[in-house]
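Here is a friendly briefing on how two protein chains meet. Have a look at the structure first, then read on.

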Amino acid sequence: MIKFLLKGLIRDRHRSLFPILSISIGVTLTVLLQSWITGYLGDIIDYNARFSTGHVKVITKAKYDNSQQMANDLAIVGTNKLTENLDEEFPEITWIKRIRFAGLLDIPDENGETKTQGPVIGWGVNMLSKKNSDIERMNIRKSLQDGKLPTKRGEILISDELAGKLKVGVGDNATFLGSTMYGSMAMQNFVISGTVHFGSMALDKGAIIVDFNDAQTALNMENATSEILGYLPSGDYDNEIAHNYADKFNKKYSNSEDEFSPIMITLSEQNGLDAMLEYVSSFIGIIIFVFVLAMSIVLWNMGLIGGLRRYGEVGLRLAIGENKGTVYRRMIYESVLIGIFGSLLGTMIGLGFAYLLQTKGIDLSSMMQNSSMMMPTVVKAKITSTTFFIGFIPGLFSTIVGTMLAGIGIYKRETAQLFRELDV
Amino acid sequence: MKKVLTIILLTIVMLNGQTPSAETILKKIDENMISKNQIMTSSMIIHGRRVSRTIRAKSWSIGDTKNFTEYLSPAREKGTKMLKLDDKLWIYTPSTDRIIKISGHMLRQSVMGSDLSYEDMMESSDLTNSYDAKVIGSEEIDGKQCWIINLVGKTDDLAYHQRKIWVDMKLYVPLREELFAKSGKLLKRMELKNIINIDGRWYPTKMIFKDVLKNGEGTEFVIDEIKFDQNIPKYKFSKAGLRR
């Protein structure tokens with residue numbers, strides 16, 4: 001029967017060409033949108049996890065209540081013991097201590113007085129110790145634009161944009177000016193060992209990266225840290241697993257009476273990422289729904305037009321005794337074949353565009369000049385296993401629904417009427 | 001009835017006659033608080049959310065335009081120096097051997113974690129020229145009768161658009177001050193205590209500052225020693241003096 005239907009479709013291009021073309025256009029768009037949204041939003045989540053949130057994060061309760069504050073007066077103290085406990089109790093998770101801080105970077109003139117200065121946001125990350133180094137996780141090596149990674153204490157990386165703004169380069173001296181954990185003045189000299197470009201406006205505007213131990217010294221944070229980030233063994237964020245770890249930790253360590261007791265929070269509980277995660281899953285569903293709806297209307301109309309064109313044929317088939325249900329089902333089988341071909345073609349074209357977008361990306365940096373959100377400036381798609389079949393859902397569904405709607409007319413035609421029509 | 005009304009009216013007129021103008025009160029405050037120059041040793045006790053710290057400092061100042069402060073303790077702050085010349089502020093730490101200009105948003109940062117900002121240090125104490133003053137009432141503070149003076153900024157570039165000062169009617173010393181933003185939101189509160197007479201001036205030797213937007217118990221500023229109208233060498237108020 002399939003062979004028979006195929007022959008009919010190939011020979012009568014009016015029944016196949018336009019429906020296949022319109023389905024393949026819609027499927028291409030679906031595939032492209034799915035891969036683009038997955039890629040872009042996935043990148044945002046990944047960026048946040050690497051630079052800011054971890055998959056889980058341990059901070060003090062007070063810091064959690066004042067999450068917008070960059071000051072370290074609410075930092076966790078006694079972190080050496082706490083990290084030991086975390087390593088023992090959750091050995092499968094990689095635990096990273098980081099210090100985040102804000103202040104001024106001051107560039108001296110030949111007399112040691114202020115030549116230029118600018119506000120900075122700093123990261124104290126593990127760069128000098130081989131164990132749990134943040135160099136790869138934060139993509140620091142690949143982001144290096146000039147100079148080299150710090151090899152000893154007192155060396156600093158600054159963003160390329162900041163270096164340009166402050167008119168400094170590799171080998172120049174810079175002094176960080178900020179507040180210690182206790183609120184006193186923190187002043188520390190550094191030598192710029194390199195400049196970096198992360199491809200995120202929030203980071204590239206004024207980031208400085210120092211070794212974790214240097215940050216501890218500068219900010220008077222001996223045995224203290226701003227946060228302890230945890231990364232799941234799979235490398236990908238899993239909301240359920242992360243929540244399980246957080247619940248287990250908080251039951252044991254968190255004390256609602258003590259504002260400085262540690263609390264573990266998940267990625268989804270930070271930076272409004274819960275909404276984003278929700279968005280990722282629901283948005284793809286919305287796209288498919290809208291596409292199915294729109295395409296169904298298009299295909300319904302095409303079915304109606306086709307039905308009119310095949311009015312005589314269907315009438316004859318019914319007149320010579322073919323069952324109404326059989327005619328209706330055969331039209332649906334035809335639509336399944338059209339849907340498969342259209343979806344295949346659309347998926348292949350969509351995958352081609354998605355691959356281009358995955359490898360090249362689109363640079364939106366000019367549109368993100370004032371963005372403070374941690375997101376990449378180059379929008380890239382991501383082809384996942386879903387990308388290969390996502391187009392078939394709307395492709396097949398809309399064709400079948402369209403045909404079913406258009407084919408309802410078959411049941412309305414009376415045999416007596418058909419004979420009268422055929423007489424004519 | 002007429003008699004009673006006449007007495008009430010006369011009392012009001014007499015009372016009004018007793019209240020000096022806000023400008024006169026501010027002028028008398030300046031006579032107490034502003035000197036040609038002063039050398040002061042002080043302790044700043046900062047009650048933070050986690051710990052309380054005491055920072056000792058010695059400062060030399062001429063009017064309210066020049067000030068040089070050297071921190072004496074604790075060890076981490078020792079040797080840190082600050083120089084204010086008119087509307088400019090520099091800081092020096094021996095560990096970096098750098099003279100850094102404090103400007104922009106840094107001026108709004110807290111000084112050594114206290115409830116005072118650099119901007120507070122930069123502010124001119126010449127209230128008469130910066131604010132429109134008006135006596136708005138009276139109140140008793142710690143058994144002392146005070147006038148309440150409301151000050152509204154004449155320009156927009158002031159750190160605090162509005163101030164309310166409670167001034168001791170007898171000694172012409174402020175006992176309380178509240179600082180407000182342009183929106184009317186209370187930003188800081190100040191209590192001035194332990195008023196003593198030094199060289200004929202009435203001067204508060206303990207001040208409690210509270211940044212109401214900040215957690216913590218506030219900052220106590222205690223004057224251990226203060227000397228007025230001294231000979232201060234000129235180099236103190238130069239950038240070179242920061243490295244000496």
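The notes below cover the interface and then chain A.

This is a predicted model, where local features need pLDDT of at least 70 and side-chain atom pairs count only at pLDDT 80 or more, while totals for chains, interfaces and linings use all residues. Residues are numbered from 1 along each chain as its sequence is written, chains are lettered from A in the order in which they are written, and side-chain values use heavy atoms, without hydrogens and water.

**Extent of the interface**
- Chain A brings 35 residues to the contact and chain B brings 23, with contact meaning heavy atoms within 4.5 Å.
- About 2400 Å² is buried between the two chains, 50% of it on carbon and sulfur atoms; this is the accessible area (1.4 Å probe) lost on putting the two parts together, summed over both.
- R49(B), R50(B) and R98(B) supply 33% of the area that chain B buries against chain A, more than any other three residues.

**Charged pairs**
- Three salt bridges link chain B and chain A, each a side-chain nitrogen of Lys or Arg within 4 Å of a carboxyl oxygen of Asp or Glu.
- One of the salt bridges pairs E113(A) with K239(B), whose closest N and O atoms are 2.6 Å apart.

**Chain A**
- Of the 424 residues in chain A, 49% are buried, that is, under 20% relative accessible area (1.4 Å probe, protein chains only).
- Among contacts in chain A with a separation of 6 or more, 77% join residues 24 or more positions apart.

Methods:
Buried means under 20% relative accessible area, exposed over 50%, partly exposed in between (1.4 Å probe, protein chains only).
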